[in-house]
Amino acid sequence: MSYIKVEDLSFYYDNEPVLQDVSYHVDPGEFVILTGENGAAKSTLVKATLGLLKPSSGKVVIAKENTAGEKLSIGYIPQQIASFNVGFPSTVLELVNSGRFSRGRWFKKLTPRDHAHVKKALESVDMWQMRHKRIGELSGGQKQRISLARVFAKDPDLFILDEPTTGMDEKSRNNFYELLQHSAHHHGKSILMITHDHEDTKQYVDRQIRLVRKENSQWRCFHMNS
């Protein structure tokens, strides 16, 4: 089974074609990157896949259930999501803790396992030491990191991440890619990540989907194994 299956997707802005006859899939246990030069409509493809934009034609299927037969959960981080203002009242820890309440547990106390999961999520983006800071006090890059940590705390079946390592140094990026690889290969997660750093990710990913433009055509997918 595939968690994402897209067939012959085309997308137009007004009457201008952007994506044409795009087909791709992402399976459980697989870490896949989506690459392409600037302007290659990578974010547009992801948004059309998620239903945030309406494709002009084609078929998009997102699995309703995970491999265990439970409702599929999705963690999506768009590019530069972090827009919390200075007056945002929560601390880093409070925000990331809230990721553990995403499956109908708003009024239940967090368990030791929940707390351990949150700590691991914050450590994965090198933000554990900032856990008591107010979110409004953080830099844009730090806000991006805690948004990622909250997604990890949620523990979704399908991760969709748009340039998630912006603002991270090389060591942090490699630790993050290693965590994604572990999540896919050892926990059966499905990961689709937009990135420009396809050389840096080669040792971690299973497959690369590259958007390319052929002469007199719009962006299309070209699949590559890592």
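**Exercises on a predicted fold**

Asp162 stands opposite Ile194 in E7. Residues are numbered from 1 along each chain as its sequence is written, and side-chain values use heavy atoms, with hydrogens and water left out.

**Exercise 1: strand E6**

Work out which strands pair with E6 and in what sense, and how many of its residues are buried.

Solution. 
- Strand E6 covers residues 158-162. Helices (H or I, at least four residues) and strands (E, at least two) are DSSP runs, numbered from the N terminus.
- Take one partner. Strand E5 (residues 74-77) pairs with E6 in the parallel sense, over four bridges. Pairing requires at least two DSSP bridges between the strands. Within E6, Ile160 has Tyr76 opposite it.
- Take another partner. E6 and strand E7 (residues 190-194) also run parallel, with five bridges.
- E6, helix H5 (residues 170-187) and E7 form a right-handed β-α-β unit. Right-handed means that, with the strands pointing away from the viewer, the path from the first strand over the helix to the second runs clockwise.
- Count burial. Five of the five residues of E6 are buried, so the strand is largely enclosed by the rest of the structure. Buried is under 20% relative accessible area, exposed over 50%, partly exposed in between (1.4 Å probe, protein chains only).
- Sort the side chains. In a regular strand they alternate between the two faces of the sheet. Leu158, Ile160 and Asp162 point one way from E6, Phe159 and Leu161 the other way, and all are buried.

**Exercise 2: ring geometry**

Classify the pairs Phe11–Tyr13 and Phe176–Tyr177, and find which rings join into a cluster.

Solution. 
- Rings of Phe, Tyr and Trp (its six-membered ring) pair if their centres lie within 6.5 Å; planes under 30 degrees apart are stacked, over 60 edge-to-face, and the rest tilted.
- Count. The structure holds five aromatic pairs.
- Classify one. The ring centres of Phe11 and Tyr13 are 4.8 Å apart and the planes stand at 90 degrees, so this pair is edge-to-face. Phe11 is buried at 4% relative accessible area, but Tyr13 is partly exposed at 42%.
- Classify another. Phe176 and Tyr177 are tilted, with 6.4 Å between centres and 55 degrees between planes. Phe176 is buried at 0%, and Tyr177 is buried at 0%.
- Trace the links. Ring pairs connect Phe152, Phe159, Phe176, Tyr177 and Tyr204 in a cluster. One of these residues, Phe159, lies on E6.
- Check for a charge over a ring. The charged end of Arg131 sits over the ring of Trp128, 4.0 Å from its centre. The test asks for NZ of Lys or CZ of Arg within 6 Å of the ring centre and within 35 degrees of the ring normal.

**Exercise 3: positive phi**

Solution. 
- Most residues other than glycine have a negative phi.
- Take Asp8. Its phi is near 55 degrees, a positive value.
- Take Ala41. Its phi is positive, about 65 degrees.

**Exercise 4: contacts across the sequence**

List what Thr49 touches, then find how far Val26 is from Leu192 in sequence and in space.

Solution. 
- List its contacts (heavy atoms within 4.5 Å). Beyond four places in sequence, Thr49 touches Ile4, Val6, Tyr24, Val60 and Ile62.
- Compare the distances. Val26 and Leu192 are 166 residues apart in sequence, yet 7.1 Å apart C-alpha to C-alpha. Partners of Val26 beyond four places include Ser190, Ile191, Leu192 and Arg207.
- Widen to the chain. Of contacts with a separation of 6 or more, 69% join residues 24 or more positions apart.

Definitions and conventions
This is a predicted model: local features need pLDDT of at least 70, side-chain atom pairs count only at pLDDT 80 or more; totals for chains, interfaces and linings use all residues.
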